[in-house]
Amino acid sequence: MRLKSNMRLIRIRLLALLVFISSAGDLIGPSSLSIAKTVQRQAGGMTLPPDLWADSAPERFSPETLFDIINGDADLYLKAGFVALESQRILLDNDSRQSMDFFAYQMNGHRSAFAVFSVRRGREAVPDSLTSFAYRYRNGVFFVHGPFYVEIIAAEETNLLVDATHRLAAAFIEANPVEVLPIPELDRFPSENMIPGSVVLYPAGGFGFEAFDTLFTARYQVKGGEATAFFRPCGSLEEAARLSAAYQDFLMEYEGVRIPLDDVLPNSRLLRVAGSYTLVFTQGRTVAGAQDAASPEQATMLARRLSAALSSGPN
């Protein structure tokens, strides 16, 4: 009798458990399960390609919390005009062994996004056609899209993952339509012998000189090596003259030596610093020059070419 009673009690408890599970399913419902699945299919305001899945909810960072994720480089973003960052880990085929990290930095405009992009771009970057400003480097793709600077970095440099980073980038671009705006200053450099992908916009502290914000630079092949052309637009003739003199003084603090030079360009000065040569001049409301030249002749040649190119635009 006791065995039969126990069996009956077990059946009652099993029935109660099944009723509870059924009720819980009604409470959760297919819509809630669908929401969870939808979260996995979303990232950066886009629906992910079919074989890509979000590993977790996105993390968001403000100017106050940016140091929490990129402690070393946060100053660059903040000085350039950082607004917000959204980051998320994405999985290929929902496989944790095939992951990539997605970072979308929203800046305060397309010039700010380009500034960060250009400063971070290294010499080994391979140009990419995703946008006007895009490159690949090993296991990652990096690009500017309107006010966004985006990095997608795969865990490994495999063909499958690298291809997935490009498809993820294309999905982000399609989901976030923007007006493509020009940066006119980029066209003021002479094109001859410019090293592709070498143009940089320093948002602050260009060449280590704090007053060189909004400094444009580009590297050139010159006879005997490389040299860098640079210019910084100013608000007035007086500001350009002051900034030119201040930069020369800055170079002198680093054991720069002034070298006699004919006035080949307006208000030009040639200095030797740490074994290379820098020629600084002003052209209207612009401070400009050639830096890192191996000889006075290289510096003079590049500075003349830059002056000619600048003279065709607003000064």
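## How the labels are reached

Q: Where does Val257 stand in relation to β15?
A: In this predicted model, Val257 stands opposite Arg272 in β15.

Q: How do you know that β14 and β15 pair?
A: Three bridges join β14 to strand β15, which covers residues 269–273, and the two run antiparallel; since pairing calls for at least two bridges, these strands pair.

Q: What makes β11 and β14 edge strands?
A: They belong to an open sheet of seven strands in the order β11-β12-β13-β17-β16-β15-β14, with antiparallel pairing, and β11 (200–202) and β14 (257–259) each pair on one side only.

Q: Which strands does helix α5 lie across?
A: Helix α5, residues 237–253, lies across β13, β14, β15, β16 and β17, and runs at about 165 degrees to β16. Helix α6, residues 296–311, also packs on the sheet, where its direction makes about 25 degrees with that of β16.

Q: Why is Thr282 called buried?
A: Thr282, which has its place in strand β16, has a relative accessible area of 7%; buried means under 20%, and therefore Thr282 is called buried.

Q: Why is the link between Arg111 and Glu185 called a salt bridge?
A: The closest N and O atoms of Arg111 and Glu185 are 2.9 Å apart, and because a salt bridge requires such atoms within 4 Å, the pair qualifies.

Q: Are Arg111 and Glu185 buried or partly exposed?
A: Glu185 has 16% relative accessibility and so counts as buried, being under 20%, whereas Arg111, with a relative accessible area of 28%, is partly exposed, as its value lies between the 20% and 50% limits.

Q: How do you know that Arg232 and Glu239 meet in a salt bridge?
A: Their side chains come to 3.0 Å, N to O, which is within the 4 Å limit. Arg232 is buried, with a relative accessible area of 10%, whereas Glu239 is partly exposed, with 25%.

Methods: Residues are numbered from 1 along each chain as its sequence is written. This is a predicted model: local features need pLDDT of at least 70, side-chain atom pairs count only at pLDDT 80 or more; totals for chains, interfaces and linings use all residues. Side-chain values use heavy atoms; hydrogens and water are left out. Helices (H or I, at least four residues) and strands (E, at least two) are DSSP runs, numbered from the N terminus. Contact means heavy atoms within 4.5 Å. Axes are lines fitted to C-alpha atoms, for helices over the stretch in contact, and angles run from 0 to 180 degrees between N-to-C directions. Buried means under 20% relative accessible area, exposed over 50%, partly exposed in between (1.4 Å probe, protein chains only).
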